[in-house]
Amino acid sequence: MRTLRFILAEYKANLRWFVIGISALIIGALAQTVAPIYIKLAVDAASPEGFVSEEGLAGRIALATMMTAPERSERFVLVCLGMVALTALIVALATFYKRYYLVRISRRTEYTLKKRMYARLQDMPARWYDHTRSGGVMSLMTSDIEAVRMMIGPAVMYIGGTVIMFPASLAIMLSLNWMLTLLALIPLVGLSAATIWFNPRVRKYSLRSQEDLEQLSARAQENFAGARVVKAFSREDFEIAELQRLGDTYLENKLGQARNQALFQACIWGFSGVGVLIILYFGAIEVSAGRSSVGDMAAFMLYNLGLYWPMIALGWVTMLFVRASASLKRIDAMTEVASDPSRLAGGLKPTSLRGEVEFQDVSLRYSDDAPPALVDVNFHVAPGRTLGIVGQVGSGKSTIANLLLRLLAPTSGRVLIDGMPIEQLDAHVLRGFMGYVPQDSFLFSDTIANNIALALPADDAGRDAAVRKAAQAAEFEAEVLTLPQGYDTMLGERGVNLSGGQKQRAAIARALAAKPTILVLDDCLSAVDTDTEERILRNLKAETRDITTIIISQRISGVSHADEIIVLDQGRVAQRGSDAELRAGGGLYAELARRQELAAELAHE
Ligand SMILES: Nc1ncnc2c1ncn2[C@@H]1O[C@H](COP(=O)(O)OP(=O)(O)OP(=O)(O)O)[C@@H](O)[C@H]1O
Ligand SMILES: [Mg+2]
């Protein structure tokens, strides 16, 4: 039902093309159906014992279209041949318009669906990405949309043709010789049985192999992305075996599909062969009894094939329809996920922010059955000040960063920016004021310059200068300049791969280049040595004098310069104060500081 509604909506949206395409389809199918009549008339007019009749449906069609009464003459044979040529021309033209416009609609559907899905992909709530496999999304964007396209275009094209040709052919055949028609239909019963037997089997194997293929590509893609891990843990053999297993079932199902299809094809040819024999045998009897003409037999032979084609098309189209329905369901499921609330338009759009940040009793649970990631977190950062957040792994530091960017919403409590609840601010405007360095610095396969300038408008005249200044502050420029193409070096995919520390510094430069009012640094110095860390922190201090900075670190050295530091322990603020106060106060911070300094000393020896 939903599938039908979808198809109708697509045709309605492209009504002009649909009308052209369907008109061409109808005209073409009718021309194709009447063509054998002229062949029959030509044969009868040329053969000595043939008779030319003006009665019956065939005769009436002939009279109506030929503007000359059937007669036994050379001239009439030529007129018939002219009509055959004319119908061939009409069929040719109609085929072009039918295919072009119906396919055009289907390509249009594919285009809009893809566009909508891409937009949707950007619009999913941050949590959705946590539990969605990229392989699944890939197959949604490719094979599912393809299945829908096949249904909108080719499937309707074939079924439309047969819906017209089957009854029209049958009517003409019956008018020529009803006995012969009924006899010629006998093999069709067998073919119907074959269709009913083979189609569900072909469909079953086809759907299964489709699923196998999805799993296979998802697995292969993950393997490729995680190739280093696979190698490092010597899991190659296991992964190869796993891929092989998936490949084996895929092959098995594909072979099952091919076997059933081949058998079905064999049935089609077998039964249509029987049809030909019946027409020849009984046709000969009818001709010699004077109840039929040789021309009738010629027409029957042509119509015979026309009767089989609809059966084949019907099976194929049902399969396309079933596949497309399943695909539409998956597409709908993605469409139905609630939009990222922060992307919903609207909200306050301040033109400037002072950069005051406040958490009021913020608690957050990722899911109902998970322990809370944050519990009653309170802090206040005045504009231009720096807040340090330390804590052990899993203590909730990144969760705070995500809350500040509205990538998450608190379960209870409030996050305030300049005294305004964060959810009242337009998310785009808010993020425009923020600089963010995520914990796992992600870079695009683009040039270094473009990666750093990500947040800058493309036509920004001071873009290059801003990129360089930011790279300098991130202590990244010296290394960039050693690369042969400098800032124009391509990263990732087919470009240079940066080290972990270099990536982190590129990400810091990216955040700084945006000249943010609030800067959030999530453990972004974990992969650089302590000397570089110190230099970057010094630069940052100079660069971010007026910028409210939230700096997250597992290392005490990363936060010790902050105006205030909070220590997180299992989602709770365990301690707060300045570096000096916290060291003096004992507890978790002093313990962490002591341990990390000891480790550093050991490393230096
Ligand atoms: N997307 C998520 N879905 C479910 N649980 C999550 C998710 N992200 C984090 N958690 C859980 O929330 C808790 C806090 O995670 P968070 O990432 O904030 O820790 P963190 O302090 O940043 O740790 P690290 O120092 O390792 O980066 C952890 O117990 C973690 O398992
Ligand atoms: Mg983290």
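The expected span here is 1.5 Å times one less than the number of residues, and helices (H or I, at least four residues) and strands (E, at least two) are DSSP runs numbered from the N terminus. All this comes from a predicted model, in which local features need pLDDT of at least 70, side-chain atom pairs count only at pLDDT 80 or more, and totals for chains, interfaces and linings use all residues. Residues are numbered from 1 along each chain as its sequence is written, with chains lettered from A and ligands numbered from 1 in the order in which they are written.

H7 has a kink of about 25° at Ile-186, shortly before Pro-187; the bend is the angle between axes fitted to the seven residues ending there and the seven starting there. Pro-187 itself is one of the buried residues of H7, which also include Leu-191, Phe-198 and Tyr-205 (buried: 20 or more other C-beta atoms within 10 Å of a residue's own, with C-beta atoms placed from the backbone). Among the elements covering them are helices H6 (134-176), H9 (236-288) and H10 (294-336).

Further along comes an open, antiparallel sheet of four strands, ordered S2-S1-S4-S5. Pairing takes at least two DSSP bridges; five of them join S1 (residues 357-364) to antiparallel S4 (residues 412-417). Glu-358 sits opposite Leu-416 in S4.

Conventions
A residue is buried if 20 or more other C-beta atoms lie within 10 Å of its own, exposed if 12 or fewer, and partly exposed in between; C-beta atoms are placed from the backbone. Two residues are in contact if their C-beta atoms, placed from the backbone, lie within 7 Å.
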